[in-house]
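Hi,

Here is the structure we talked about. Please open it alongside this note; my findings follow below.

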Amino acid sequence: MFHSINAYTGETLCRHPAQSYAEFAQELAVLKVHQQAFARLGVTGRTALLQAFAERLAQNKERLAEMVCEEVGRCLHECRAELDKSVELIRYYVRLAPELLAHKTIATQASLSQVRFEPLGVVLAVMPWNYPVWQVLRFAIPALCAGNACAVKPAPSVARVSAALLELVSDDLPLIGAWLDNDDTLKAIEDTDAMAFTGSTRTGRLLAAHAGMHLKKTVLELGGSNPFIVMPDADLERAAVEACYSRFRDAGQSCNAAKRIVVTEAVAERFIPLFLAECAKLQTGDPKDPATTLAPLHREDLRANVHAQVQDAVAHGAQVLTGGFIPEGKGWFYPATVLDKVNPDCRVWNEEVFGPVAMILRAKDEEHAVALANDTPYGLGASIYTADTRRAWAFAEKIQAGSVFINRHTSSDLRLPFGGVKASGYGRELSEFGLYEFVNVKTYWQK
């Protein structure tokens, strides 16, 4: 059962039954035929249909943003930003796909040799709940541009907004919902041509192993525990503001958020009070209220897990500087929490914390800061704050991550590839690199 609940009021919003695999198999057979016709339209024909979809999405921005706000629990202004970015994503690929997918003629001893980018077929996407519009389209739009079809399995707890998004898809676009239970999802991997997954590292390993058994191409965007490195010469006031924003936006439920604040000892005692002062400004409340800056968590079990991680850290010697308790009242709120003296015995050292909890890691010097940044199973993103940008680039080369931001918090940019290394997954989304993930890079050679 796909079942969504208002994260603030606890009200049930939607129940959507899982479909049988026989029903999905019938839809999949139709989708495969549709994909072949869609591919024959050529890239300009496909992007014209996607441009029309962008306009429909823009027209329904406010309605979908409110749905995301209610189901996920994020602040309404954050949900509007998700919709704006999703519309711009479509328009970005509409502009660039004809150029990026054009045949590339390469001089060889042949009379004509080319590289062409051809679709793989049907790509299955298993999607998370935290950005239910953006995550789906971040995968689907480049895949569709390349001539693929897409079958999207939504997260069970965002059924209503997922259904509303799919209703905006015209019959001309080969994009359908896959309302499957977990066991049937494995069968769907076997019966489709590739898979995209965004979610936890644990689930990613299971799905990737099954896809690998059947030799299906996969792209995995998994968890993150991004370091936010504050060097001795950093602008501490600015770093404190951006660390607070990055850690606590979207109630801390973002894989790409700053989660480990790595501060050199030389400035730790000056930086930490500035950071705590920013945390104290955060206001909980109705996520639709413009005054609210720290929204509730998405589900009660997620809040319980975050609190268990905090309690474990305290039991192993960490110190709570602020927060660290479950508040009374409605809504699955958890206060902005900052842990100091975190050590490798704490679960949070090696686990992703998917909620509003920041860890302070004290580094002896700059080299130790880089070592602490890498001392994690994850490798999604990292930030370095320093006045010496030349040295920052040298440090950035040592950091094991898919992206490094200098004097800015980590985020995704349509024009740059997004993804990670180590337990954060493999493959890339966005930019031309995301477009090329689900294509057959095919060589043609004519004597």
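Helix H5 (residues 134-145) gives the largest share of the lining of the largest cavity, four residues. Keep in mind that this is a predicted model.

First, the cavities. The structure has two of 30 Å³ or more. The largest holds about 80 Å³ of space. Its lining is made up of Arg138, Phe139, Pro142, Ala143, Ala196, Val219, Arg428, Glu429, Gly434 and Phe438. By class, that is six nonpolar, one polar and three charged residues.

The second largest cavity has a volume of about 60 Å³. It is lined by 16 residues, and Pro227, Tyr378, Gly379, Gly381 and Gln400 are the closest to its centre. Strand S10 (226-230), helix H13 (366-374), strand S15 (378-379) and strand S16 (381-385) supply at least two lining residues each. This lining divides into seven nonpolar, seven polar and two charged residues.

Next, strand S6 (residues 149-153). Five of its five residues are buried, so S6 is largely enclosed by the rest of the structure. Both faces are covered. Ala149, Ala151 and Lys153 lie on one side, with Cys150 and Val152 on the other.

What pairs with S6? Strand S5 (residues 122-126) does, in the parallel sense, over five bridges. Here valine 123 has cysteine 150 as its bridge partner. Strand S7 (residues 175-177) also pairs with S6 in the parallel sense, over three bridges. There, valine 152 stands opposite glycine 177. The chain runs from S6 through helix H6 (residues 159-167) to S7 in a right-handed β-α-β crossover. S5, H5 and S6 also form a right-handed β-α-β unit.

Best wishes

Conventions: Residues are numbered from 1 along each chain as its sequence is written. This is a predicted model: local features need pLDDT of at least 70, side-chain atom pairs count only at pLDDT 80 or more; totals for chains, interfaces and linings use all residues. Side-chain values use heavy atoms; hydrogens and water are left out. On a 1 Å grid over the protein atoms alone, a cavity is a set of points where a 1.4 Å probe fits but cannot get out, and a pocket is an open set with protein on both sides within 12 Å along at least five of seven lines; lining residues have an atom within 4 Å of a point. Grid points are joined across faces, edges and corners, and a volume is the space filled by probe spheres set on the points. Ala, Val, Leu, Ile, Met, Phe, Trp, Tyr, Cys and Pro count as nonpolar, Asp, Glu, Lys and Arg as charged, and the others, Gly among them, as polar. Buried means under 20% relative accessible area, exposed over 50%, partly exposed in between (1.4 Å probe, protein chains only). Two strands pair if DSSP finds at least two bridges between them. A crossover is right-handed if, with the strands pointing away from the viewer, the path from the first strand over the helix to the second runs clockwise.
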